[in-house]
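Here are some notes on the pockets and on one helix, as requested. Please read them alongside the sequence and the structure.

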Amino acid sequence: MTSRGTSSGRDSLLTAAGRVLRERGVQGLCVREVAAAAGMSPAAVIYHYKTTNDLLFAVHEAAVGEYTKLRTAAARAEKASPTARLLACFKVGVPPYTDSALIELLYEMHGLTRRSPRHAILLTDLWHTELALYEEIVADGISQRVFDPDDPAAAARALLALEDGLVLHSVSDNEFMTSSLVLTTFANVAAQLLKCPALSLRSR
């Protein structure tokens, strides 16, 4: 098998495994279902990933990589104001403003961190990456005299914690926590933390 074929096979397996995970959850993942979803044999799955745990980690790692790429692009959009970048970065994690399947998969996989050190490390690294993006946006807003937080580092941490809590309720089918309410809540709290009235949004 060529390296290109191996890479293509792995990509197909990760995509298929992601679909199975979203539909059945981590406990419902099995080699036969992933193989069927990918149009491969169970032996082909085992060829690429010796154990189910290896496959789960690969899916989680790929999802984090894709999500990080999207968030970084939004946070560092050229010629965008700090307020626009902040909201764009936030919306990357909020369905339906973003890829709902990716966000649902991430939250499904994050549950593995309680039992697996390597999944916990992956989630910790993601948190540091997200925090760095918020810190970068806040610093840029301060330099442009758009933001004026009392404690920039604390504000960035609070925004990330707020995002995590809001999105968790959103993807957990909390009927009250609609996507529009998630966005307006984040924007209005950010407006207070960063002392930036321009961030405020009316509740919808």
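1. In this predicted model, α1 gives six residues to the lining of the largest pocket, the largest share of any element. At least two lining residues each come from α1 (3-24), α4 (52-75) and α6 (100-110).

2. The largest pocket holds about 260 Å³ of space. It is lined by 14 residues, and the closest to its centre are L14, T15, E66, L102 and L105. Sorted by class, this lining has seven nonpolar, five charged and two polar residues.

3. The second largest pocket holds about 220 Å³. Its lining also numbers 14 residues, with Y107, H110, L123, E130 and D164 the closest to the centre. Two or more lining residues come from each of α6, α7 (117-143) and α8 (152-171). By class, nine residues of this lining are nonpolar, three are charged and two are polar.

4. Helix α6 deserves a look in both places. It supplies at least two residues to the lining of the largest pocket, and two or more to that of the second largest pocket.

5. How much of helix α5 is covered? Seven of the ten residues in α5 (residues 82-91) are buried, so the helix is mostly covered, where buried means under 20% relative accessible area. The buried residues are P82, T83, R85, L86, L87, C89 and F90.

6. What do the buried residues of α5 pack against? Their partners are α4, α7, α8 and α9 (179-193).

Technical notes: Residues numbered from 1 in each chain as written. Predicted model: local features only at pLDDT ≥ 70, side-chain atom pairs only at ≥ 80, totals over all residues. Heavy atoms only, no water. 1 Å grid on protein atoms, 1.4 Å probe; cavity = no way out; pocket = protein on both sides within 12 Å on 5 of 7 lines; lining within 4 Å. Points joined across faces, edges and corners; volume = space filled by probe spheres on them. Helix = DSSP H or I, 4+ residues; strand = E, 2+ residues; numbered from the N terminus. Nonpolar A, V, L, I, M, F, W, Y, C, P; charged D, E, K, R; others polar. Buried < 20%, exposed > 50% of the residue type's maximum accessible area, 1.4 Å probe, protein only. Contact = heavy atoms within 4.5 Å.
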